[in-house]
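Notes follow in the order I checked them.

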Amino acid sequence: MRTPKLLKVLSFTLACSLAPLSQTVHANQSAIYSNMSVAQPVWAKHGMVASQEALASQVGVDILKKGGNAVDAAVAVGFALSVTLPRAGNIGGGGFMLVHLADKNKTIAIDYRETAPMKAHKDMYLDEQGNVVKKLSREHGLAVGVPGTVMGLSQALEKYGTMTLKEVIQPSIDLAKNGISVTADLATSLAALKRRISQWPSSAKIFYKADGSNFQPGDKLIQKDLSHSLQLIADKGIDGFYKGETAKKIVEAVKNAGGNLTMQDFANYKVIERKPIVGTYRGYKVASMPPPSSGGIHLIEMLNVLENFPIKKYGANSAQTIHVMAETMKRAYADRSEYLGDPSFYKVPVKQLTSKEYAKHIAKHISMNKAKPSSEIKPGKLAPYESAQTTHYSVIDKWGNAVSNTYTLNFSYGSGLVAKGTGILLNNEMDDFSAKPGAPNGYGLVGGDANSIEPGKRPLSSMTPTIVFKGNKPFLVTGSPGGSRIITTVMQIIMNVIDHNMNIQEATNSPRIHHQWLPDEIRTERSLNGDTIRLLESMGHKVSIKSSMGSTQSIEVSDQGLFGASDPRRSGKAVGY
């Protein structure tokens, strides 16, 4: 992915402006935008960054303008979001990245998911009576897994980027040191999570005013300790995080909060490069994340099933389409509950779950006019609660390299605990393990052995960074937050574009549905047509209107250039172009 110096001097026609779209394109307007479209994406000719937060998108765009490639920009965005989107952007958490190298026609899956400390054990969240104590895995030192973000981003940059760590981190250092203007989105989330965050004095000192009051939109949030921690990474690389003062302060903070993280855990941490899960859907190649993410396997499984039905003929969000989607989702999530875990500890039947023959078998058992109760599909084990507070971003450069990255602290602001003197919010990713295999979880159902707690193990995740290819070139780069709803959200983006010929903004704006086997209901957004809901109910479905799903950040590649869409479901989003 390293590029000739001559190419680096070529200028980018990029900006990160929220100007009306009519101001972004002056020539050949009709060739770029269709009058049939009911929503228009953002257009660019050379490169694009789509993230949930405007300042971070701008950081990535600036890196592209300087001649950096998609990995350089993606790493810069990842560090920037730790400053500008603290509820999900992070250096104290972990995640998954897909990198496509255009010159080698190769796609790599980078697993920088958190791991359980070596002192972790299967029963660590149980009381003397054997009952699960939820706070221990959510708001306690025992909730913190070994962070992977710094090593994941750094390794991606070293192997596939063109710029130095200092170059890509400097914008984040400056943002943390000089302060950012508090947006309405940030002010709202900090106010909503005040109880959990402010229970830690080290966190309250940063995220609330000296008198204990909340930040208001327009106030300045300065994070000097975080700036110092980022500077150590810039100066010393991964040793600036996994060794020395930062690691010691994190270990001390976790210990004081009742946890069991050690310096040896930091020394033991490794990033793992894996082969992506790859399938096809109606002639397009789909690459996504392998275990310990369940996203790629079940995305491919569901698309394989849906390929057996004339979805385009049924129509977008028609009752028939949603019925088939929901029946497909039920079966995939039943499989997810039983077969998925860390492949280093549990043999995941990837080949079987993603085979076209298995999908045909599932499709044959889907009735076209009647819902099958989840209780009749498969008894099994349900994965634990998974927070929706994650963030995703997508990047494409002018050479055709692409990055799809999803990372998280788990809950919004993770455990809420900032390691004193570091400015770093720590994850509560240990809650993604099954705290007690065989015991009821929040839905009154059971968790599985495949995802039980073991030292050094990575918890199961739904994160689904995905790249869809047309021929050998990226066609769609996408992903989303949303916990267990991530997989179905990404699936619907792909279907909306491929089956229903929507542009990427239309595909993003379209109403979403979700079924995860248990509870036995179709969850839908309120924008779904009421007549459609009544038709689904007549087929035997229970339909529940719930809060909006996901925050997709997507880029579509066409002959006319790049088209980007940032999800309108969350404020603070932006597309850089």
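Which kind of contact do the side chains of D567 and R569 meet in? I found a salt bridge, 3.0 Å from N to O. I keep in mind that this is a predicted model.

**Entry: other salt bridges**

I asked for the total next. The count comes to 25 salt bridges. I did not write up each one.

R282 and D499 were one pair I looked at. Their closest N and O atoms are 2.6 Å apart, and they form a salt bridge. I located both ends. R282 is in the loop between β8 (277-281) and β9 (284-288), and D499 is in the loop between α19 (486-498) and α20 (504-509), so this pair ties together parts 217 residues apart in sequence.

Are the two ends buried or exposed? R282 has a relative accessible area of 31%, so I noted it as partly exposed. The cut-off for buried is under 20%. D499 comes out at 2%, so it goes down as buried.

I then turned to K330 and E327. They form a salt bridge too, with the closest N and O atoms 2.7 Å apart. Where do K330 and E327 lie? I found both in helix α16 (residues 319-339). They sit 3 residues apart, about one turn of the helix. I checked burial here as well: both K330 and E327 are buried.

**Entry: the annotated site**

I went to the UniProt record next. It places the feature "active site" at T390, and the entry is unreviewed. I treat this as an annotation that may be inferred rather than shown by experiment.

I placed T390 in strand β10, which covers residues 390-396. Why does T390 count as buried? I read its relative accessibility as 5%, and the limit for buried is under 20%.

Which residues is T390 in contact with, leaving aside neighbours within four places in sequence? I listed Q52, A88, T406, Y407, T408, M463, P481 and R570. I followed up on T408 in that list. The side chains of T390 and T408 are joined by a polar contact of 3.1 Å.

**Entry: recap**

I close with two items. T390, in strand β10, carries the "active site" label from UniProt.

Terms used:
Residues numbered from 1 in each chain as written. Predicted model: local features only at pLDDT ≥ 70, side-chain atom pairs only at ≥ 80, totals over all residues. Heavy atoms only, no water. Helix = DSSP H or I, 4+ residues; strand = E, 2+ residues; numbered from the N terminus. Buried < 20%, exposed > 50% of the residue type's maximum accessible area, 1.4 Å probe, protein only. Contact = heavy atoms within 4.5 Å. Polar contact = N/O pair within 3.5 Å; in protein donor to acceptor, adjacent residues only side chain to side chain. Salt bridge = Lys/Arg side-chain N within 4 Å of Asp/Glu carboxyl O.
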